[in-house]
Amino acid sequence: MEKILTGIRSTGTPHLGNILGVMIPSINIANMNEKNSSFIFIADLHSMVQINNIKTVKNNTYQIAAAWLAFGLNTENCLFYRQSDVSEVTELAWYFSCFFPYQRLTLVHSFKNEVKKKISLGLFSYPILMAADILLYNASIIPVGKDQLQHIEIARRIATSFNKRINEKLFVLPNAFLQKEAMSVPGTDGEKMSKSKNNWINIFSANEILKKQIMSIRTDNKSLKEKKNPEQDYIMSLYKLVAPSEKINEMKEKYIKGGYGYLEAKISLYEMILHKFSKERKKFFSFMKKKSLLDHILYSGAKKAKNVAIERLNKIRKCLRLNSIKL
Ligand code: ADP
Ligand code: TRP
């Protein structure tokens with residue numbers, strides 16, 4: 001049975017990119033997968049690399065949890081947990097960091113792009129912890145956005161070299177699972193939508209805020225009258241991801257014909273998002289009022305994950321000639 005695993009950092013509220021690129025495809029697989037073969041977690045340890053205020057990370061955790069539940073993740077069928085509640089993962093990350101070449105890690109984009117700033121050791125070893133997240137459970141299907149491909153590649157390298165070192169197939173090689181049309185959803189500025197770039201569309205914002213986010217989508221300065229190119233426009237790119245095909249074709253025709261302004265297109269996008277996600281928005285707000293329920297759900301998931309993790313870690317410890325963890 002193939003295991004699926006994915007994590008979202010608690011660095012903010014999940015945006016349209018996280019939702020379309022990772023959450024919905026993961027839920028579709030996880031809810032159909034064999035019981036206890038799907039691992040969905042909130043990567044709060046990874047968030048600490050970016051946000052030092054632990055209280056903020058914790059509050060964001062609820063938003064991520066509420067979003068997964070609002071989109072219908074069946075937590076009976078999968079293991080849904082906070083990364084920090086299964087601390088075995090940090091032990092595995094240490095073993096990996098003891099033999100993974102430092103020089104190879106210096107080539108990782110998430111490190112290279114930041115290297116001129118004052119960065120933490122945590123940011124540097126970020127991909128090692130991510131490899132541990134995946135390899136601890138022997139997950140082979142990893143739904144992610146395009147920006148995570150390099151990290152998955154590192155996890156594969158670690159698995160391969162560890163297996164070689166111990167002369168045993170202890171780790172399965174993970175594969176990225178990309179949702180082709182939504183693997184890099186553009187933000188309001190046309191760059192990849194991101195929680196850290198203030199270019200997101202947060203479908204869980206209050207109506208007025210959501211509208212403001214959509215109104216801020218960058219366009220060229222063609223007048224209302226002019227014909228527009230539907231293939232080179234961020235409003236259209238987002239509309240294509242949320243609207244049914246007949247509505248997309250209607251909007252395309254209006255672009256090509258002219259006499260249709262970007263303001264109108266933005267309003268259509270706003271209304272489509274409200275319509276498409278109305279059920280999920282309601283559920284999200286309702287879950288956000290029940291933090292102790294969220295804690296309970298996450299804690300139950302962590303207990304299940306911890307049992308699997310300890311069993312696996314003992315196997316790994318045995319290969320390393322270390323004592324096993326006794327409960
Ligand atoms: P962010 O980059 O917004 O902080 P995370 O790092 O928590 O989000 O990403 C969680 C998952 O969502 C990852 O698998 C990531 O690749 C994916 N993801 C993030 N942004 C996008 C996007 N704009 N389009 C598609 N997937 C995305
Ligand atoms: N690094 C991922 C991100 O920035 C989050 C993450 C942490 C993850 N561990 C993971 C994703 C394991 C998939 C599998 O978005």
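## A friendly tour around Arg82

Visitor: Is Arg82 buried or exposed?

Guide: Welcome! The model here is predicted. Arg82 has a relative accessible area of 10%, and the cut-off for a buried residue is under 20%. So Arg82 counts as buried.

Visitor: In which strand does Arg82 have its place?

Guide: Let's find the strand by its residue range, 79–82. Arg82 falls within that range, and the strand is β3.

Visitor: With which side chain does the side chain of Arg82 make a polar contact?

Guide: Arg82 touches several residues beyond four places away in sequence, including Ile42, Lys58, Tyr62 and Asp295. A polar contact needs a pair of N or O atoms within 3.5 Å. At 2.9 Å, the side chain of Arg82 makes such a contact with the side chain of Asp295.

Visitor: Stepping back, what radius of gyration does the protein have, and why does it agree with a compact globule?

Guide: The protein has 327 residues, and a compact globule with that number would have a radius of gyration near 20 Å. The protein agrees with this because its radius of gyration is 21 Å.

Visitor: How many helices and strands does the protein have?

Guide: Strand β3, the place of Arg82, belongs to a protein with five strands.

Visitor: What percentage of the residues of the protein count as buried?

Guide: The protein exposes about 16500 Å², with 52% of that supplied by carbon and sulfur atoms. Arg82 is buried. Of the 327 residues, the share that count as buried is 51%.

Note on methods:
Residues are numbered from 1 along each chain as its sequence is written. Chains are lettered from A and ligands numbered from 1 in the order in which they are written. This is a predicted model: local features need pLDDT of at least 70, side-chain atom pairs count only at pLDDT 80 or more; totals for chains, interfaces and linings use all residues. Side-chain values use heavy atoms; hydrogens and water are left out. Helices (H or I, at least four residues) and strands (E, at least two) are DSSP runs, numbered from the N terminus. Buried means under 20% relative accessible area, exposed over 50%, partly exposed in between (1.4 Å probe, protein chains only). A polar contact is a pair of N or O atoms within 3.5 Å; within protein, one must be able to donate a hydrogen and the other to accept it, and residues adjacent in sequence count only if both atoms are side-chain atoms. Contact means heavy atoms within 4.5 Å. The radius of gyration is taken over C-alpha atoms; the globule rule is 2.2 Å times the number of residues to the power 0.38. Accessible areas come from the Shrake-Rupley method with a 1.4 Å probe; for residues, only the protein chains shown count as cover.
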